[in-house]
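Please open the model in a viewer and keep the selection panel at hand.

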Amino acid sequence: MRYTIERLPESRVAIDVELEAEVVEKALERASQRLSRRHPIRGFRPGKAPRRVVEAVYGRGALYEEAADELIARAYAEILQQKEFEPVAEATLDAINYEPFSFRLVVPVEPTVTLCDYRSLRFPLEPEPVTEEQIDARIEELRLAQLVWREPEPPRPAALGDRCLVDMRLRYEDGTEKSYEDVDVVLEAGSFLPGLAEGLVGAQVGEVREIEIAFPEDVANQALAGHKVHATVTVRAIRAPELPPLDDDWARSLGREETLAELRARIRREMEEEALKKARAKVIGQMIDAIQEQSTIDVPEVLVEREAERVADDLARLLVRAGTSERFLKAQSMRDKELRDKYMALARRQLRRTLVLSEIIRAEQLEVTPEEVQQELAALADEGEEDDEERLMDARGRVLIRKLEERLLAIALGQPLEGATSEELSGAGEREAAGAAETNAAQFTAGTGIPAEPAAEV
């Protein structure tokens, strides 16, 4: 047997094979016996007709067709034993010739990734500065979480921002009416009934207001679009929002022994950490995107199709759990051309990303120790839960991805790689960010000693 292997695009190989005449002749003899066994010839027992007779009856081409599968399968199995490539799917017959017997197979093989010079890539770490306004907003969120509604003392008319308990009778344009009792209405502009909040401003407890409600054309309920409703509203109670005072006692009520100034300082630190985490994730994302764009990634289409099927199946399972009907699922299947194209595009992106990350891990020789896996399991697992194989693989993957992200971050920032720990890389990130904000380093928040536009911690 003589064969050559040609590399094709999309991670495929073409194998051109030519077989020796004696090998083909023996296969034709066996093919003749099989044909005469399946289709006995008069005057001969099944499988015993001479080849010349079988060939005269069925033609030489029929013998070749019968022998072809055997010849191709044996030759392909012999080629696979040489381990010159790794198939990921069945081979397809691209061409065949009987005399001399030769054929061409096309085989999808393992994807190939040729990484770009990713170690030369650089991206700045630029965390967004934390402003006093942002800290004020975060503190206001904490106060709003403790908001209570109380009847105003002394009693007063309703105002925007209040919460009113009302009885309501609605009369529609066609004359029909609907009544509602004990409806809680927050007096905010743009409420679900246009003009209701404004119509109740100034009302006293026990007062009855007649309010015209006009629905716009773009209202969600199209049955009401452009229509008017007359509302008769009786105010049963008025409650005003009450926020806790912004002082040291309130700060301590949050569960930590700290003053308001210390609370602001802690919130600043936390927001700075959040800002740097976002900046860190942005740099890592930029690195991965750049590497994908600049690297050569060859993926066989069959793997993309498998991944697209998996994506579609995962979505179907989610929809089933959400109570979606089977009829809808069939409409959303891979048989729908437009959806199939979307699934294929998503699958191709996911595969390219996975392949690039795997190749970087290999190139950087990143490894995970058993001790690191156990530490990850201890941090994530519930007490008493056994470490099954799936959870072990998940823990290993988490640790490996963290190491990869740390390595990419160090490369992007131009920091040394060998022997660098997570803490050292974090410090490198801080120094990089601090350098970017050097012109602001002299500005300090009153009473805290923290820079107004600082870096945060990775």
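Which helix gives the most to the lining of the second largest pocket? Select H7, which supplies 8 residues of that lining. Before going further, note that this is a predicted model, in which local features need pLDDT of at least 70, side-chain atom pairs count only at pLDDT 80 or more, and totals for chains, interfaces and linings use all residues. Residues are numbered from 1 along each chain as its sequence is written, and side-chain values use heavy atoms, with hydrogens and water left out.

**The second largest pocket**

Helices (H or I, at least four residues) and strands (E, at least two) are DSSP runs, numbered from the N terminus. A pocket here is an open set of points on a 1 Å grid over the protein atoms alone, where a 1.4 Å probe fits, with protein on both sides within 12 Å along at least five of seven lines; lining residues have an atom within 4 Å of a point. Next, centre the view on Pro127, Glu128, Ala275, Lys278 and Ala279, which lie nearest the pocket's centre among its 16 lining residues. The space there is about 300 Å³, taken as the volume filled by probe spheres set on the grid points, which are joined across faces, edges and corners.

**The largest nonpolar core**

Now select Met287 and Ile291, the residues with the most contacts inside the largest nonpolar core, which has 46 residues. Such a core is a set of buried Ala, Val, Leu, Ile, Met, Phe, Trp, Tyr and Cys residues joined through side-chain atoms within 4.5 Å; buried means under 20% relative accessible area, exposed over 50%, and partly exposed in between (1.4 Å probe, protein chains only). H7, H8, helix H10 (337-363), helix H11 (370-380) and helix H12 (389-412) each supply at least two residues of this core. Leaving aside neighbours within four places in sequence, Met287 is in contact (heavy atoms within 4.5 Å) with Tyr118, Leu121, Phe123, Leu408, Ile411 and Ala412. For a second, separate core of 28 residues, select Ala49, Val53, Ala75 and Val109, which are included in it.

**Helix H8**

Move to residues 301-321, which form H8. Among its buried residues are Leu303, Val304, Glu307 and Ala308. Just after H8, Gly323 takes a positive phi of about 90 degrees.

**Trp149**

Finally, select Trp149 in strand E6 (residues 148-150). Trp149 counts as partly exposed because its relative accessibility is 27%. Its C-alpha atom is separated by 6.0 Å from that of Glu242, 93 residues apart along the chain.

Methods
The expected span of a helix is 1.5 Å times one less than its number of residues.
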